[in-house]
Amino acid sequence: MSIENKEFKPLIVAFCCNWCSYAGADLAGTSRLAYPAEIKIIRVPCSCRVNPMFVLRAFQRGADGVIIAGCHPGDCHYTTGNYYARRRMTLLFSMLDFFGIEKERTRVDWVSAAEGVKFSTVMNDFSKKIHELGENRRLGDLRCKMPIEK
Amino acid sequence: MQRIGVFVCWCGTNIAATVDIDTVVEAMKYEPGVVHASDYQYMCSEAGQSKIKQAIKEHNLTGIVVCACSPRMHETTFRKAAKAAGLNQYMVEIANIREHCAWIHKDRKEATEKAVVLARTAVAKLNLNTPLTPGESSVVKRALVIGGGIAGIQSALDIAEAGYEVDIVEKQPTIGGKMAQLDKTFPTLDCAACILTPKMVDAASHENINLYTYSEVDSVGGFVGNFNVKIRKKARSVKADICSGCGICTEKCPSRKAENEFNLGLNKRGAIYIPFAQAIPNVPVIDRDQCIKFKTGKCGLCAKVCPADAIDFSQQDEIVEKQYGAVVLATGFNPIKLDNFDEFGYSQSKDVITSLELERIMNAAGPTGGKLLRPSDNGHPHTMVFVQCVGSRDTTGCGKTYCSKICCMYTAKHAMLIREKYPDVDVHVFYIDVRTPGKNFDEFYRRAAEDYGVNYIKGMVGKVAPTNGKLLVQGSDLIADRQLVIEADMVVLATAIEPDQTAKSLATMLTASIDTNNFFTEAHPKLRPVESPTAGVFLSGVCQGPKDIPETVAQASAAAVKVIGLLSKDKLMCNPCVANSNELLCNGCSNCQHVCPYGAIDYVEKEFRAGGKTSLRRVAQVNEAICQGCGACTVVCPSGAMDLKGFTNQQIMAEVDAICR
Amino acid sequence: MQNADREINKEKISVAEMAKQILEQGRADRLMGWKRGEFFYDNSPAVFENLSELDDFVYDLFCGSNLSKFLVKESRKDGKIAVLLKPCDRYSFNQLVKEHRIIKDNVLPVEIDCDGMLDIDKIRALGIKGIKKITVDGDQLQIDTVYGPKTCAREDVLLMKCLTCKDRVGGDRFELVKEIEAMSSVERYEFWRSELSKCIRCNACRNVCPACTCEKCVFDNDKSGIANKANTDSFEESLYHMIRAFHVAGRCTDCGECTRVCPQNIPLHLINRKIIKDLNEFYGEYQAGEDDFSKGPLTRFDLDDVEPDIVMERGGNK
C-alpha cells in the first residue's frame with residue numbers, strides 16, 4: 001500500500017430512513033458495533049424521500065460514496081416508499097455507471113430496526129469498498145477540471 | 001438570519017468519554033447562525049432542560065441544536081423544552097453524537113471530528129428550518145376491536161366501561177377465541193369457561209359494545225381519529241334478530257360430515273351448527289360447503305323445523321361501513337401446522353395429538369365428555385409422553401425461532417391434571433429447558449414434577465413410531481446421557497404458536513408493521529409495547545408476541561387505556577412534517593398523486609393572475625390530515641413544487657453540503 | 001394510439017390543403033404548423049389565425065421541429081387550435097395530455113405523414129454548398145446549387161432522430177447506447193467528459209424538450225437548491241445534463257429534439273435513451289406517450305422489482 005492510500009480519508013454519506021435504518025443505526029450504536037467514522041448519516045423520513053439530486057449533490061461536493069438504507073421491501077412504514085426508492089436508485093446507479101462513474105460508489109441496502117449487526121456489517125463493507133476505489137474524482141469533475149486519471 | 005444555540009450533552013461519560021466536548025462547543029461557535037454554544041452533563045435532565053430554556057430567553061434564540069443521543073430517544077423532550085421557552089418546537093434539531101458517534105468509535109480524535117461534522121450538519125439544517133404548526137383533525141369517538149378472543153373482549157369491555165362505543169369484529173361465528181377451547185388455566189387450575197363465559201356475556205350485553213361475529217374487515221382507509229372501515233358480515237343463512245337459539249335445527253340437520261372446528265376435528269358437527277353451548281351470539285350458522293340444501297337444492301329440513309322461521313338460505317354477505325377513532329388488533333394465534341415435523345408421527349397416528357387437542361379431550365364439554373380416551377380406540381391410556389418445543393426455538397427452518405412461552409406451563413398443567421385424575425397413567429415430559437418465570441409458575445411446575453411424580457426428561461424426541469397399536473417414542477436423556485425408548489399410548493405435542501394468518505393482510509390494510517414472524521411490531525419494544533408504529537392502531541394479546549392469559553389481559557387493558565386516552569381528545573394534533581405543494585410551481589401533472597400511498601393529494605383548478613392576465617391552472621393540494629410525510633411525491637415532482645416540511649429539499653441539500661464541506 | 005377525436009388525412013390531400021380546409025371550415029380557430037423562414041431550410045413553428053396568414057405555411061423536408069410543446073401555452077388560450085402532428089410528435093402530444101399540460105378539449109390534433117426530415121448540417125458536411133433547392137428522387141436527393149446540380153443519398157442526411165424513427169421497421173435505436181455500454185468505465189467517462197465539456201449551457205435542449213414544460217424550471221429557481229448560476233464550478237453546471245435526464249426519466253418519449261437543437265452537437269438523446277433502455281429491461285417495455293393515461297415506470301412498482309444491485313452485477317466493465 002502506498003502512503004497516498006493511507007492518507008485517503010473517504011467521505012461517505014448515508015441516507016437512512018427514520019423508521020428502519022436510522023433505528024438500525026441506533027441499535028448498532030447501543031450494541032457498540034463499530035463502523036468507520038467517515039460514514040455520516042442523514043435522517044430522512046423514508047428512503048423514497050431521497051431525491052437522486054441529493055446523491056448527485058453529495059458526489060459533486062466531494063463525497064466518495066453514497067449509500068441509501070431503508071426498510072426491507074414489504075416493511076416500509078409508509079407501505080410503498082421503498083419500492084419507489086428501489087426503482088429510482090436502480091435507474092440512477094445505472095445512469096452513473098453509463099457516465100463512467102464507478103458504480104461501486106453507490107449502494108442501496110435494506111436494514112430493519114432490529115438489524116444493528118447488519119447495519120454495522122453493511123457500513124463496514126461499503127467503507128472497505130470505497131477505500132479500495134480511492135478518491136472520487138470522476139463525478140466531481142465531469143466538466144474537465146483536472147487531467148483524465150489513468 | 002437565525003439565532004442558533006448549540007447544546008452539547010456529555011450523557012455522563014457516554015459521550016464525553018469518546019468525544020471531546022470542548023472542541024465541539026468551540027467549533028460550533030463559528031458556525032453560521034450560531035450565537036451561543038454550551039455543554040452540560042445531562043441535557044435531558046431537569047437542570048439541563050432549564051439551561052436550554054434559559055439560554056433561549058437570554059440569547060433570544062430562534063432555534064436550538066442539541067448534540068446528544070438519538071432523536072428517537074429525546075427529540076420530543078427537547079421540543080417540549082423549547083416550546084416551554086416560547087420557541088416553536090420544530091425549531092429544534094438533534095445531532096446524534098451518541099448512538100451514531102461516541103458509542104461506535106474508539107478513537108477520540110476521530111469521534112470528536114465526526115461529532116463536529118454531525119453538529120454542523122444539524123446547524124446547517126436548522127438554518128433553513130421554519131416554524132411549523134401542526135394541523136388539527138377530529139376524533140370519531142368509537143373504537144374497533146379486531147378479534148373477539150379474551151384480548152379483544154377485555155379491550156372492548158374496558159373501552160366500553162369508559163363510555164365509548166366499541167365494535168368487535170370476529171371472523172368466527174362466536175366470540176371467545178382460543179380461551180374458550182381451553183379446559184383449565186394455569187397456575188390456579190380454574191376452568192377457562194367459568195371465567196371466560198361471564199366476560200363474553202358482559203361484552204354481548206354491554207350497551208356500548210356492538211358485536212360483528214362471522215365478520216371480517218374488508219378494507220381500512222383514513223387515519224388516526226378517522227379510520228374508515230368496511231366490515232363484511234358473512235351470510236349466516238340465519239336471521240340473527242329472530243333466531244331464539246333453541247338449537248332444534250342443529251339437532252335435526254341430516255349432514256354430519258363436517259369436522260367440528262371447535263373440537264379441532266376430534267368429532268363431527270352438522271352443516272348448521274352453534275360452535276359450542278355458550279357461544280355468543282347463540283345463533284347457528286350454515287356451513288354452505290356442507291349443507292345439502294346448498295349443495296343439491298334438496299333438504300331444507302332446518303327451515304321446516306325452525307319455530308321462529310329464522311332460516312334464510314338467500315342471505316347475502318353484507319358490507320357495513322363505519323368510522324372509528326382507534327383500532328385495536330387482537331387477532332390472536334393458531335398452533336402451527338405440523339407438516340414439517342413428520343418425525344413425531346402426527347399424520348400417521350390418531351394418538352399423536354397437539355396440546356390444544358388434549359385441552360378438548362380433557363374438557364367436560366369436549367368430544368369425550370372430559371374422559372381421557374385414546375382417540376384411536378377410545379381406550380384408556382397407561383403411558384403418555386409430552387414433547388415440548390415442537391416447532392418452537394427451532395433453528396432448522398422447519399419451525400419458529402422464538403419460544404412460544406406458554407407450552408412449559410400448560411404441559412405442566414396437563415401432566416398434573418392427568419396424574420391427579422388418573423394416577424395409573426405414567427407421564428413423561430421431554431423438554432429442552434423448562435421456562436417458568438411468572439407469579440406462582442415455578443412452584444406450579446415443581447409441584448407437577450415433585451408432588452405428582454411427572455417424569456421430566458431433559459432431551460428431545462427424535463422419532464415417534466406407531467407400532468402395533470403403540471407409539472414407540474425414541475428420545476435422548478441428556479442428563480443421564482443415554483438413549484430412551486418409551487412405549488406410549490398417547491403422545492402430546494406442545495406445538496408452537498404463530499400469529500393468525502389474517503395479521504398479514506390487516507397489517508397491509510392498516511399500514512401497521514409486522515415482524516418476520518408476522519407478529520405485529522410495537523412502536524417501541526419497551527416503552528410503547530401496546531401501540532403499533534401506525535398512529536391510532538393498538539396491539540392486544542398474542543398478535544404482538546406469545547403471551548399467557550394474564551399477560552394478554554394486562555396488555556388488552558393497557559391497549560384499552562391508550563384507546564381511551566385517544567378517544568377522550570376532541571382534536572388531534574397532526575404531524576406538521578407533511579408534503580406541501582407550491583402552487584406557483586405546480587405543473588398539475590399528477591405524478592405525485594400516482595405515488596401517494598394515502599390518497600392525500602387532490603387537484604383543483606385554480607385561477608392565477610400574472611402580468612395582468614388571469615389563467616386557470618390545475619394544481620396539487622395536499623390534505624395535511626391524511627398525509628403521513630413519507631416524501632414519495634417530492635421526488636417525482638419535476639418542477640420541485642412538492643416539498644416536505646421539516647425535510648425540505650434545501651434542508652437535505654444543506655445537510656449534504658455540511659457533511660461534504 | 002388512435003383516438004376518435006383526431007383528424008386523419010383520409011383523402012390524401014396535401015398537408016397545406018388540409019390546413020386550409022380546417023381554417024376555412026371553422027373546425028379550429030387557429031392552426032399550429034410551420035412557416036417558411038428566410039431560407040428554405042429554416043422553417044419554424046408558427047400559429048396561423050386566418051387564411052391569408054397561411055400563405056407562409058409550409059410542410060416539406062425541413063419541418064423536423066416538434067410542435068407539441070407549444071400547445072402547453074396555446075391550448076390555454078381562447079378558442080380551438082388545430083395542430084399538425086407527425087407520427088413521432090404524437091408521443092409527445094399524448095404525454096403532455098396525460099400530464100394535463102395540454103388542455104385536450106381545446107386542441108384538434110391532425111395526424112400527418114412524414115418520410116423523414118433532413119439535416120441541413122449533414123448536407124453541408126458532405127461539401128455541398130450554395131444550396132438553392134432540394135428535390136426527392138427515390139432514395140436520392142437532387143440538390144440544385146449555385147455550383148450546379150449535386151446528388152446524395154437521402155439516408156445519409158436524415159435528422160438523427162429520423163434514423164431511428166419509431167414508425168420505421170428494423171434498426172435498433174439502442175445501438176449507440178450499447179456501444180457506449182460496451183466500453184470500459186474509464187472510456188465511458190472519457191467519452192462523456194469530452195462531450196459534456198463542450199456544453200455552453202445555452203439551454204436549447206431544455207427549451208425544446210417537450211418533457212420540459214415546468215411552470216418554473218428547477219434550474220431557474222434559486223430556491224430549488226439546484227440552480228446556482230453564480231458559480232462556474234457549481235452543482236448545476238457540472239451535473240446539468242444528468243439532473244435533466246433524471247427529471248425527464250419515464251416521461252421522455254425519445255423524440256430526439258435535444259440532439260437536433262444542440263449547437264455543440266452533443267448526442268444528448270443517448271442519455272435519455274439509456275434510461276429508456278434500462279426502464280424497458282428492468283420494468284418491461286414502456287413507450288412514454290404511447291397513450292394518454294398509463295402510469296410511467298417511475299410512478300409505479302412491482303413487489304418483485306430488481307434490486308439496485310443489478311447494476312453492479314451487469315456488465316463486468318472495470
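Tutor: Start with the word domain: domain bounds here come from an automatic or database domain assignment. Keep in mind that this is a predicted model.

Student: What does the domain assignment of chain C give?
Tutor: Chain C has domain 1 (7-111), domain 2 (120-157) and domain 3 (161-313). The C-alpha centres of domain 1 of chain C and domain 3 of chain C are 27 Å apart.

Student: What makes residues of domain 1 and domain 3 of chain C count as in contact?
Tutor: The cut-off is on C-beta atoms: two residues are in contact if these lie within 7 Å. By that test, 15 residues of domain 1 of chain C are in contact with 18 residues of domain 3 of chain C. Helix α3 (residues 87-98) of chain C gives the largest share of the domain 1 side, 9 residues. By class, that side of domain 1 of chain C has 6 nonpolar, 6 polar and 3 charged residues.

Student: Now chain B. Why is strand β1 of chain B called largely enclosed?
Tutor: A residue is buried if 20 or more other C-beta atoms lie within 10 Å of its own. In β1 (residues 4-9) of chain B, 6 of the 6 residues are buried, so the strand is largely enclosed by the rest of the structure.

Student: Which residues of β1(B) point one way, and which the other way?
Tutor: B:I4, B:V6 and B:V8 point one way. B:G5, B:F7 and B:C9 point the other way. All of these are buried.

Student: How do you know that β1(B) pairs with strand β2 of chain B?
Tutor: Pairing needs at least two bridges found by DSSP. Between β1(B) and β2 (residues 34-40) of chain B there are 6 bridges, in the parallel sense, so the two strands pair. Look at B:C9: B:Y40 in β2(B) stands opposite. Between these strands, the chain passes through helix α1 (residues 21-28) of chain B.

Student: What makes this β-α-β crossover right-handed?
Tutor: Point the strands away from you. The crossover is right-handed if the path from the first strand over the helix to the second runs clockwise. The path from β1(B) through α1 to β2(B) is right-handed, so it runs clockwise in that view.

Student: How many bridges join β1(B) to strand β3 of chain B?
Tutor: There are 5 bridges to β3 (residues 63-68) of chain B, and the strands run parallel. One bridge partner is B:I64 in β3(B), which faces B:G5. The cut-off is at least two bridges, so β1(B) and β3(B) pair.

Student: Why is helix α11 of chain B called largely enclosed?
Tutor: Count the buried residues. In α11 (residues 355-362) of chain B, 7 of the 8 residues are buried, so the helix is largely enclosed by the rest of the structure. The buried residues include B:L358, B:I361 and B:M362. B:E357, B:E359 and B:R360 are buried too.

Student: What covers the buried residues of α11(B)?
Tutor: The cover includes β20 (352-354), α12 (407-421) and β27 (490-495) of chain B.

Student: Is B:N378 buried or exposed, and how do you know?
Tutor: B:N378 has 9, so it is exposed. B:N378 sits in the loop between α11 and β21 (383-390) of chain B. Its phi is near 55°, a positive value in a residue other than glycine.

Student: What makes B:K405 partly exposed?
Tutor: Partly exposed lies between the two cut-offs, 12 or fewer and 20 or more. B:K405 has 19 other C-beta atoms within 10 Å, so it is partly exposed. B:K405 is in the loop between β21 and α12 of chain B. Its phi is positive too, about 70°, although B:K405 is not a glycine.

Student: Where are the cis peptide bonds joining B:F186 to B:P187 and B:I280 to B:P281?
Tutor: B:P187 is in the loop between β8 (184-185) and β9 (190-191) of chain B. Omega for the bond from B:F186 is about -10°. B:P281 is in the loop between β15 (272-273) and β16 (285-286) of chain B. For the bond from B:I280, omega is about 0°.

Student: How many residues of chain B are in contact with chain A?
Tutor: Here 35 residues of chain B are in contact with 37 residues of chain A. On the chain B side, α18(B) gives the largest share, 7 residues.

Note on methods
Residues numbered from 1 in each chain as written. Chains lettered and ligands numbered in written order. Predicted model: local features only at pLDDT ≥ 70, side-chain atom pairs only at ≥ 80, totals over all residues. Helix = DSSP H or I, 4+ residues; strand = E, 2+ residues; numbered from the N terminus. Nonpolar A, V, L, I, M, F, W, Y, C, P; charged D, E, K, R; others polar.
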